Every structure is written in structure tokens, then in C-alpha cells.
Amino acid sequence: MTTDLTTGLCVDEGEFAALAGPWRRLYQECEEATSFQSHAWLASWWRSYGRPGRLRVVLVREGGELVAAAPLMRVHAPVPAHRPLGGAISDFADVLLSARIRDRAADALTEGLRALARTAPIDFREVRAGACVERVCERWQGPRRELVDSRCLELPPLPVDELLKRLPSTTSQRARAKLRKLSAAGVRHRVVPADEAESTVRTLLRLHRLQWQGRKVTSEHLRPRFREHLLRAVPPMVAAGEAVVTEFLVDGEVLAADLTLLSSRLAGGYLYGAHPSLRERKVDVATMLLDACTRHTSGEQPRTLSLLRGDEPYKHHWRPTAAPNRRFLLARGRTAPLLTAAVCEASAREWARGVRRDRQERRDQQERQGRRAGQAG
């Protein structure tokens with residue numbers, strides 16, 4: 001006997017908060033999900049960043065069991081749309097689908113999203129390749145567009161020694177020397193239990209602020225709302241195996257801390273803080289963090305090591321593979337003009353980024369030429 005699926009819309013934050021148990025069961029069944037789709041992360045994010053009256057979570061149930069979910073919110077600018085919860089501080093967005101009835105759940109969720117799209121398009125940003133939302137897009141009947149979103153980099157699920165073998169010999173030798181310096185400097189790492197996670201996150205944020213003092217930093221990471229979000233979200237995520245917090249100690253003093261997010265198929269170093277004195281000890285922080293993170297990517301449960309969003313030069317030292325995110329815009333006939341407006345807005349932003357990038361490259365080139373001229377003089 002086939003049980004009918006029912007689709008509903010959650011707009012009440014109290015109701016959303018109460019979904020923790022059913023949401024966790026669905027999340028654990030959905031191997032494509034990342035930690036950014038966990039209930040602890042999303043519910044905490046909504047408390048810090050959500051706007052009253054804008055919550056729009058599409059839910060699909062089979063009997064009383066949650067079998068699909070799309071965590072969205074209504075936004076009004078720059079173009080009216082429904083966007084995933086998690087915002088700019090989340091690297092990946094997706095929906096959740098039960099593995100047991102994947103196709104039926106996707107059908108029902110698509111219909112629920114089509115009903116929502118009558119008033120504004122669905123704008124899925126930062127979608128990782130292979131995400132569940134791709135099944136929704138395949139079923140979509142109506143205007144749709146796919147755009148390239150943020151660039152991400154990934155490493156295979158290998159221990160650090162195997163990753164070193166992928167590098168040129170001279171680069172590998174330098175990396176091995178950096179690993180030896182970690183031991184020589186007396187650096188020890190400790191994975192923190194859930195009941196200590198909040199205290200270590202406070203330490204991490206203090207060290208993060210200290211390490212970037214006087215330098216350009218992501219301003220959001222210094223704001224109280226971000227701090228409160230992490231303090232709420234991380235302890236239950238550690239308890240559920242959705243995150244791991246690591247302390248790095250020298251002579252018993254915590255001089256660095258790292259937050260790595262874990263899911264069934266993926267691990268990603270999300271945020272760290274390191275005391276400036278580590279540089280004085282000749283400790284290469286990036287190598288230290290990678291060594292610790294790979295302990296959670298290889299072994300009994302291999303996970304791809306995501307370097308998350310960003311194409312910074314230091315990430316390329318390890319020869320990662322490019323894994324760009326995508327953006328899916330889905331509309332109905334009546335909201336197609338809003339979809340077109342969103343595409344135009346995205347194109348304008350990309351053009352502006354290109355102009356800024358070209359200007360910065362010219363400034364950098366002029367500075368290099370100036371330094372060479374000064375040295376020659």
C-alpha cells in the first residue's frame with residue numbers, strides 16, 4: 001500500500017525550531033547533505049540573521065514522517081525571491097530528500113516549490129555538484145536558469161602523507177619539513193568533546209580576532225550575531241557528529257583552535273584562530289590545520305576534503321580540484337520577469353567584480369615594477 005505524501009509550508013519560527021528531531025532523521029538519511037543543511041546550523045542561523053515574517057520552509061511528509069524539506073526565506077532585495085536559509089556565512093545550499101522514496105519525495109517537493117514560486121522565483125545559490133536540488137531542477141516545468149556561482153576547491157579523502165605524494169618533490173619536501181617543525185615546536189592537538197565545545201569556540205573567536213588584528217578580515221566574523229550563532233550551533237553539531245572542534249596546544253596553552261564541519265561525504269575547515277606567536281615559533285598554520293583535518297577525511301568513513309569557497313593562492317599548494325558551485329533560478333510564468341531581473345543583476349555584479357579584479361592586478365603590477373626599479377637603483 002502506497003502512503004500519500006502531504007506538502008506543507010512552515011512560516012513560524014517556533015514550529016521550525018520544534019522540527020529538530022524529524023529534521024535530524026531526514027538529514028542523516030540524505031547522504032548528499034552538508035553540515036550547512038543540519039537543523040542545528042539552520043535554526044541557529046535564523047535566530048541570528050532571520051527576519052520576522054519571512055520564513056518559508058517547504059515540508060513533505062509521509063504519514064507523520066518528514067521525507068523532504070526545502071529551508072527557504074523570502075527576500076525583497078535586490079530582486080524579490082525565495083532563497084535558502086544560511087545566507088553568506090554558509091558555503092553550500094541544498095534541499096533534503098529521503099533516500100527511501102527519493103523520486104516521490106522529489107516530485108512532491110517540486111510541486112511545493114512551484115506553489116511558492118507563484119509570488120517570487122526560487123533562487124538556490126551555492127549549490128554543490130551532485131546536490132539534491134538538482135532533482136528538483138530536472139523536474140521543473142517553467143522558466144529556469146543555471147549560473148556559475150562561487151569557486152570551491154577540493155582534495156581527495158587521503159591522509160596527509162598520501163596528499164604529499166601528489167605534490168612535486170621540492171614542494172613535498174618543504175611540506176614534510178613543516179610537519180617536522182610542528183613536532184619540534186611541541187604542538188599537540190586535542191579534539192574537544194561536546195560539553196567543552198562552547199568554551200573552545202569562544203577561544204577560537206578570540207584567537208581569530210587576534211590573528212587578523214591590523215589586517216583585512218571578513219568583518220562578519222567579528223560581529224556579535226556571528227559569535228552567538230556559532231556558540232549556539234556548534235555544541236549540538238559536535239554532539240551529533242556534524243562538526244569537530246580541535247585545540248592546538250604548546251606547553252599546555254591553547255594557541256590555535258579550528259572548527260571543521262563534517263557530513264556523510266564531506267569535511268571542510270570552516271574557521272580557525274591562531275595566536276601570532278605561532279609564527280615566531282616557525283609554525284606553518286595552514287599545514288598544521290590540514291594535517292588535523294585529514295584525520296577526519298580518510299579511514300573508515302572517507303570524506304572529500306573541501307577547502308570551501310574561495311580561490312586563494314595558498315590553497316593551490318596542495319593541488320586541489322576545482323569544484324565550482326552553481327546557482328539555480330526557478331520561476332513560474334507570472335514571475336519570469338523577476339527571474340530575468342535576477343539574471344541581469346548577477347551579470348552586473350560579475351562585471352563589477354571583473355573591473356575591480358583588473359584594477360587590483362594593475363595596481364599589483366605597478367607595485368612590483370616600482371620595487372624592481374627601486375632595487376635596480
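**Stop one: the cores**

Start by selecting Trp23 and Tyr270: they have the most contacts inside the largest nonpolar core, a set of 77 residues. A nonpolar core here is a set of buried Ala, Val, Leu, Ile, Met, Phe, Trp, Tyr and Cys residues joined through side-chain atoms within 4.5 Å, and buried means under 20% relative accessible area (1.4 Å probe, protein chains only). The largest share of this core, eight residues, comes from strand 3, residues 65–75. Strands are DSSP runs of E with at least two residues, helices are runs of H or I with at least four, and both are numbered from the N terminus.

Before going on, bear in mind that this is a predicted model: local features need pLDDT of at least 70 and side-chain atom pairs count only at pLDDT 80 or more, while totals for chains, interfaces and linings use all residues. Residues are numbered from 1 along each chain as its sequence is written, and side-chain values use heavy atoms, with hydrogens and water left out.

Which residues does Tyr270 touch? Leaving aside residues up to four places away in sequence, they include Phe36, Trp41, Ile89, Phe226 and Leu308; contact means heavy atoms within 4.5 Å. Next, pick Leu163, Cys293, Leu305 and Trp318, which belong to a second, separate core of 27 residues.

Now show the seven strands of an open, mixed sheet, in the order 9-10-11-12-13-8-14. Two strands pair if DSSP finds at least two bridges between them. At the edges sit strand 9 (187–191) and strand 14 (321–322), each pairing on one side only. Helix 8 (residues 194–211) packs on this sheet and touches strands 9, 10, 11 and 12.

Zoom in on strand 8 (residues 152–155): three bridges join it to strand 13 (residues 304–309), and the two run antiparallel. Leu155 has Leu305 as its bridge partner in strand 13.

**Stop three: strand 6**

Select residues 122–127, where five of the six residues of strand 6 are buried. Strand 6 runs antiparallel to strand 15 (residues 326–330), joined by four bridges. Phe124 and Phe328 are bridge partners there.

**Last stop: two crossing helices**

Finish with helix 7 (residues 169–184) and helix 11 (residues 285–293), whose axes come within 10 Å and cross at roughly 85 degrees. Axes are lines fitted to C-alpha atoms, for helices over the stretch in contact, and angles run from 0 to 180 degrees between N-to-C directions. At the meeting point, Ala175, Lys178, Leu179 and Leu182 in helix 7 face Thr287, Met288 and Asp291 in helix 11 as contacts.

Note on methods. Buried means under 20% relative accessible area, exposed over 50%, partly exposed in between (1.4 Å probe, protein chains only).
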